[in-house]
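Open the model in a viewer and keep the selection tool at hand.

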Amino acid sequence: MNYLQKELYELLKKDDRIFDFLQESALDGMWYWDLENPENEWMNPTFWETMGYDPNEMPHKASAWQDIINKDDLNSTIDSFEKHCAEPNHAYDQLVRYKHKNGSTVWIRCRGMAIRDEDGKPIRMLGAHTDMTSYKDKEQLLLKYQDLLEKTNQVARIGTWEVDLINNKVSWSEVTREIHEVEGDFELSVENGIDFYKEGKSRETITRVFNDSYTKGENYDVELQIITAKGNEKWVRAIGIPEMENGQCTRVYGLFQDIDEKTKANQQIALQEELFRKTFEFAAIGMALVGLKGEWLQVNKSLCDLVGYTEEELLQLTFQDITHPDDLDKDLSLLRELINGERESYQMEKRYHHKNGGIVWVLLSVSMVKDDSGSPLHFISQITDITDGKRAQREIETLLDVTQEQNKRLLNFAHIVSHNLRSHSGNMAMILDLFKKQVPSATENEFFPLVNEASDNLKETVSHLNEVVAINTNTDKKLFEENLWEYIEKAIVTVKALAIETGAIIENKVQKQLKVKAIPAYLESITLNLITNALKYRSPERKPVIVVTSSLLNPFVKLTVKDNGLGIDLKKHSAKLFGMYKTFHGNKDARGVGLFITKNQVEAMGGKIEVESEIDKGTSFNIYLQNETN
Amino acid sequence: MKPIDIACIIDDDPIFVFGIKRIMQLADFCNSFLIFNNGKEALDNLKMLIYAGEELPDVILLDLNMPIMDGWQFLDEFTGIPIDKQITIYVASSSIDPEDTKKAQSYESVSNYIVKPITVENLKAILEDLKAV
């Protein structure tokens with residue numbers, strides 16, 4: 001033992017002040033505990049001062065510090081104490097947290113040794129405190145920052161990497177690995193690092209900038225594409241910083257960031273902007289961005305062409321300047337509704353003044369663009385030229401006027417037919433009648449029968465014309481519910497004489513209860529005309545058989561008049577079968593106007609007529625009339 | 001059959017007037033005629049006859065479509081004049097417009113609507129009608 005040490009030991013035994021000096025200055029606290037009377041414990045003043053308490057106020061009791069020691073630490077302290085008592089070689093030495101009087105944590109390294117009696121039984125415990133708080137705080141802070149950095153990197157998808165050129169070692173951080181999507185056992189090297197970059201521009205760029213960094217000492221910061229180990233294409237930002245020593249690069253390190261989503265979003269926006277710009281510029285319709293006061297902010301070529309101004313001229317104007325005054329109020333009030341949020345968009349037909357003074361009719365569609373907070377920014381207007389459409393509409397209106405005028409004239413003409421022509425033909429018939437009676441010898445003259453026949457023909461023609469006119473001018477006649485069977489019976493009675501003469505058989509197979517909606521006079525005329533025709537155009541080789549049937553084809557009742565007569569060559573005649581004054585059979589009675597009238601009457605009652613026929617076999621006329629319930 | 005005394009014909013068509021006169025003569029319809037070319041002429045002359053207390057026609061054959069005053073206007077004016085004598089008025093027109101027929105029926109003073117041309121036969125029928133009344 002060194003003599004000085006030996007001397008200090010001697011001194012310590014003799015002089016209390018030496019001990020006091022040691023316990024006051026060398027330690028942050030000291031205690032001496034009576035294990036035989038565990039409530040008694042002596043604590044030196046420094047013990048309490050370290051914890052922020054006044055030593056004079058604190059009792060020398062073990063219970064005095066029970067309240068300020070951390071509970072978890074107390075348990076581990078007791079544990080350690082028991083082990084130390086049982087086995088002196090077990091060191092009593094641990095970090096214990098106390099609560100400072102001001103509430104903060106005091107980190108104490110607490111060491112102790114048990115004092116034992118002759119039997120080795122612990123009777124006292126001596127302890128020494130060292131304040132570790134400032135050291136502990138720094139450690140905590142460092143941990144906190146490391147954690148924060150790691151979290152930040154994770155969130156920002158920023159990884160780090162390093163190439164140690166001296167030991168030729170490459171290392172990647174966890175995030176860098178994740179970005180590359182590589183497995184844990186992936187072998188790293190400069191080459192296979194570069195191989196991740198997409199062939200072409202990306203790989204060329206990274207090769208060049210990496211070479212420049214370690215040969216010339218230049219930093220780099222590039223945005224490139226890689227293809228990950230799993231084959232995904234990604235945009236990354238790679239930053240490299242070389243470290244130079246005596247002109248030699250020793251290491252390159254840097255950051256590696258996943259910017260795929262951001263880049264793609266940016267590209268998407270750029271694409272959309274480009275798309276909008278092109279659409280706007282080259283649209284076939286006029287498009288414009290219009291400010292809240294009506295000023296043209298941006299106009300496309302179509303709009304300029306439409307109103308005849310150049311872009312520069314138009315941008316000096318507002319839409320109000322070139323709007324027709326009669327259309328302005330409506331436009332402005334719709335615009336206000338848009339600004340007030342009462343509507344999303346609006347459409348209207350309006351007029352602009354062309355630069356040349358003319359009127360341009362347009363269909364205007366306006367919607368509004370708002371900022372993030374919902375305040376109006378500007379309007380988007382789409383303007384379609386409808387001048388041609390308007391012109392066409394005017395032409396149609398003119399045409400309608402002409403048609404109405406002509407219709408009036410036609411009615412006038414109908415009146416002439418119905419009255420004037422009739423009165424002349426009536427006079428002629430009357431005079432001829434008179435002539436016959438007063439000058440009977442005149443009938444002997446060979447011209448007389450001819451004049452007589454001409455007069456009769458004229459009378460008949462005029463009466464047919466009258467029927468046609470009547471149908472076409474009285475289309476709003478009322479329909480009544482009529483029993484079809486009865487009408488057929490009536491028609492059969494009417495043609496009885498001719499039927500007997502020709503030996504015809506006419507069968508009325510119409511359902512007896514069937515009712516149709518019809519104008520009585522028309523229905524009578526139709527049924528009579530069809531049956532008369534069937535008799536008239538009989539075959540000279542057969543006895544005429546005429547069958548009239550009916551069937552219900554909602555909403556119609558189908559009436560069929562079938563004969564075994566001459567038939568009609570439909571290939572030749574179908575187009576003009578129902579025309580006015582067409583004759584097909586060379587029959588001397590044929591006037592043709594009959595079918596024309598029939599068709600018109602059927603149609604005037606909301607029905608239709610069809611014909612089936614085969615030459616020398618017969619003809620069927622199908623009449624569709626409205627069912628009563630309809 | 002005994003003819004009526006005076007038949008009045010109001011019509012602007014000379015052919016019709018000629019014809020109807022002959023037919024009436026043939027049918028021995030009447031003893032004498034009063035012929036007017038339009039409603040106004042008829043109205044003025046008939047009023048004068050009434051004023052003068054002269055004999056009035058038994059039958060009037062009235063055309064509808066006439067210049068100056070048509071048959072309807074004549075009817076409106078003439079039916080407003082109080083007359084003691086029973087005068088039978090026939091409307092005789094070329095018009096087969098059902099509207100005209102309906103309108104003619106709406107006048108109480110109109111006995112019938114005759115569609116031209118008029119023949120000896122239907123004139124005789126009229127005469128029988130008259131006698132029956």
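Select residues 325-339 of chain A, helix H13, in this predicted model. Its 15 residues reach 21 Å from the first C-alpha to the last, close to the 21 Å expected at 1.5 Å a residue. Now colour A:Asp327, A:Leu328, A:Asp331, A:Leu334, A:Leu335 and A:Leu338, which are buried. These residues lie on the same side of H13(A), because they cover an arc of only 145 degrees around the axis. An α-helix has 3.6 residues a turn, so residues three or four places apart point the same way. Turn to the face away from the buried side, where the exposed residues A:Asp326 and A:Asp329 sit.

Next, show what covers the buried residues of H13(A): helix H12 (319-322) and strands E13 (345-353), E14 (359-370) and E15 (376-385) of chain A are included. Just after H13(A), stop at A:Gly341, whose phi is positive, about 75 degrees.

Zoom out to chain A, with 20 helices and 22 strands. Of its 630 residues, 39% count as buried.

For the largest nonpolar core, of 42 residues, select those with the most contacts inside it: A:Leu484, A:Ile506, A:Ile531, A:Val548, A:Phe621 and A:Ile623. Helix H18 (residues 520-536) of chain A gives this core its largest share, 7 residues. Centre on A:Phe621; among the residues it touches are A:Leu530, A:Leu559, A:Ile568, A:Phe578 and A:Leu595. Another core lies apart from this one and has 26 residues, including A:Val299, A:Leu306, A:Phe379 and A:Ile383.

Move on to the charged pairs; there are 35 salt bridges over all chains. Pick A:Lys198 and A:Glu233, whose closest N and O atoms are 3.3 Å apart in a salt bridge. A:Lys198 is in the loop between helices H7 (190-195) and H8 (201-216) and A:Glu233 in strand E9 (residues 233-245) of chain A, so the pair ties together parts 35 residues apart in sequence.

A:Asp433 counts as buried at 12% relative accessibility, while A:Lys437 is partly exposed at 34%.

Finally, go to chain B: are B:Asp63 and B:Lys116 buried or exposed? Both are buried, and their side chains meet in a salt bridge (3.4 Å, N to O).

Conventions:
Residues are numbered from 1 along each chain as its sequence is written. Chains are lettered from A and ligands numbered from 1 in the order in which they are written. This is a predicted model: local features need pLDDT of at least 70, side-chain atom pairs count only at pLDDT 80 or more; totals for chains, interfaces and linings use all residues. Side-chain values use heavy atoms; hydrogens and water are left out. Helices (H or I, at least four residues) and strands (E, at least two) are DSSP runs, numbered from the N terminus. The expected span of a helix is 1.5 Å times one less than its number of residues. Buried means under 20% relative accessible area, exposed over 50%, partly exposed in between (1.4 Å probe, protein chains only). The arc is that of the directions from the helix axis to the C-beta atoms. Contact means heavy atoms within 4.5 Å. A nonpolar core is a set of buried Ala, Val, Leu, Ile, Met, Phe, Trp, Tyr and Cys residues joined through side-chain atoms within 4.5 Å. A salt bridge is a side-chain nitrogen of Lys or Arg within 4 Å of a carboxyl oxygen of Asp or Glu.
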